[in-house]
Amino acid sequence: MIIRIRSKDGNFRFDVQPTDDTSSLQEKILSTAPDADPSSIQISNQPRGNEFPLDRLKGRTLQNLGLKHGDLIFVTYQPRPASSTTATAPVTATATPSVPGSDSAKRPWEIVKEDPVDEYWRTQDGKIARGKDAQFCKHGPKGMCDYCMPLEPYDAAYQKENNIKYLSYHAYLRKITPKQTASASSFLPPLNPLSYKVKVPCPTGNHPNWPAGICTGCQPSSITLQSQPFRMVDHLEIASMEIVDRFLQAWRKTGLQRFGWLIGRYQPYDKVPMGVKAVVEAIYEPLQQGELDGLTLGWPWEDESRIRDISAAASEPLTIVGYIFTDLTPTPEDRTRNIYKRHAQSFYLSSLEAVFAAKLQKDNPTNSKSSPTGQYSSRLVTAVLTATEDGQVDIAAYQVSEQAVAMVDADMIEASVDPGIVRVKEEDRSEDSARYIPDVFFSYKNEYGLEVKKSAKPCFPVEYLLVNVTHGFPQNPSPLFQSTQFKIENRPGLEDQTLDNVMSQLLKLDAPNIHDSRTSKPGEAHKRIELAKWLSDWHLIAFLGTTQLISEEDLKLIMRTVTNPKLLEDISLLDPVLNCDSWQTLMTFTRESAPARPASNPPGLGGGSMMDDDIPPEVYEQIAADNAASGNNGGGSGGGESSSGIRICPHCTFENSHGGHDCEVCGLPL
């Protein structure tokens, strides 16, 4: 077959075999460009963009790359350095052959592991099913025509009819991906990550590197800010109201703003074609200092790796899907209502928050088989708890666009004093902090309804960087964690997490006497269920990992067990936790920490009252000590026992001479 090559040296035609290795193609390219550096050769199916190093394709055949008779390949390369060896091009090209099928020969997007929700949508056709149109369809029940055939997930009319502002990520992929054919373009990733940085070194190699020199070959093109046509996450779902309520408790008690990381997972979202939703199962609060009008975070987040490891051990692996913070200020005249700050005449997300979101999205990319680098954009969601127009508390969810992430990565923008305005930085050619700022424009409709393009320097509205994300709660909540009552981390003075608190709760649940299902006594099922509910708490599991009593393996076992959706239905699933070494160690500490009860009973309760468990041990012991000091042997006026053995009922004052626990007249406990 014939393959056409186009480079800066001209157009060439080569006769090759489909089974030829890419090294033979490299030899033919080098024969047309003797001064080319073999390691710098890149090929593409487009005049610009989608370039990929030819060296990384060694070991693959031309047929495997999808090339067919008559295909045109665009080639770029850099000149050979002056000090390079004078060996002939064919020898250089074949000096280090690759092993076919090895990981080193595979391209980045072929070896990357995607999220389960991405793997799911890649196996679906994603088309929008339509029923038979009663007016226009003239065929039978098994027929199909233009009025009832399924629509593509990116159909513009369907999006407009259903008020869908953004395409979902996978619908956008379907739109820009060419039809599956034997051409090479169908095997190359359709996405190109944005970059507004100066290319170093320059592809032409004709001048010193930036900032000493710059040309059209290495400088970024001008930027026109525009609304992003797709979004990586279509919906933010909070698994239960209690999660947000517990997060808000700190603000309700102190009035200080709070920040938390959203722990959850990604699932298909059926309200949008090929949609993705982020389901939040817990909120982890890092080290922070709250203020009335803001907060200070401990950065970098030291516990990130530990929290990610614990989250990944759940029955359905969890990850960090976003973050949430409060921006609430009560009104002076009515403390039950909050000031309505974020609206169309003010701002939705401040410029400082947008820059912060862009940095976090850059640090948390999404794995993708549709990107040449194996990563594209981010699914990290920014959620704000703020006031509504009527003064109530609601959630607003956003992401920032790919343009925002690329501009922050290139150090082009910064926050301004006005929260609704983003400032474009000045160009800097100093050696230590070189910064190139290309022309930046944004368009808007003027008072006459005409589209006008305006320079974004020195500033532009922050709305050009935002992507809206819907949010809500499920109608039938089924959270992964059954409890949210354990004290929350990093709330000093408000909620303190201590091992004593854990052991006292275990004593109340009678955990040391709860055994696995094989050795448990009849009637203990309710105790096991209560223990399972108490253990199924994100904050408790995160705290247990810091006590040094639970090993890393056993902590992951506990996490996997308590997040099992069938835990309360089949209580025997708790057996591995009850039998593990770390649990036995914790139970030993719990037994040793249990306070010893005095032999005597508190006055008025006798020896078998069910109220004993409600009396704190300290009070219980103090009563017994006072009675012993007064010489009453546990008795006293109103309900005690005199030296003659007569006990006076504290309810009816009858003098009881028998040795029972109840009054002979009224029957109430003595």
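Entry 1. I started with proline 300, which I found in the loop between strand S13 (295–297) and helix H8 (304–312). I'm working from a predicted model, so every value here is computed.

Entry 2. Which residue does a cis peptide bond join to lysine 457? I looked, and the partner is proline 458, with omega about 10°. As for its place in the chain, proline 458 lies in the loop between strand S22 (451–455) and strand S23 (459–461).

Entry 3. Next I turned to phi. Serine 377 is not a glycine, yet I read a positive phi of about 55° for it. I traced serine 377 to the loop between strand S16 (375–376) and strand S17 (381–387). Buried or exposed, I wondered about serine 377? Its relative accessibility is 12%, and the cut-off for buried is under 20%, so serine 377 counts as buried.

Entry 4. I also looked up glutamine 548, another residue other than glycine with a positive phi, here near 65°. Where is glutamine 548 found? I followed the chain to the loop between helix H13 (538–544) and helix H14 (552–562). Then I checked accessibility: glutamine 548 has a relative accessible area of 76%, and exposed means over 50%, so I noted it as exposed.

Recap for myself: serine 377 is buried, whereas glutamine 548 is exposed.

Note on methods. Residues numbered from 1 in each chain as written. Predicted model: local features only at pLDDT ≥ 70, side-chain atom pairs only at ≥ 80, totals over all residues. Heavy atoms only, no water. Helix = DSSP H or I, 4+ residues; strand = E, 2+ residues; numbered from the N terminus. Buried < 20%, exposed > 50% of the residue type's maximum accessible area, 1.4 Å probe, protein only.
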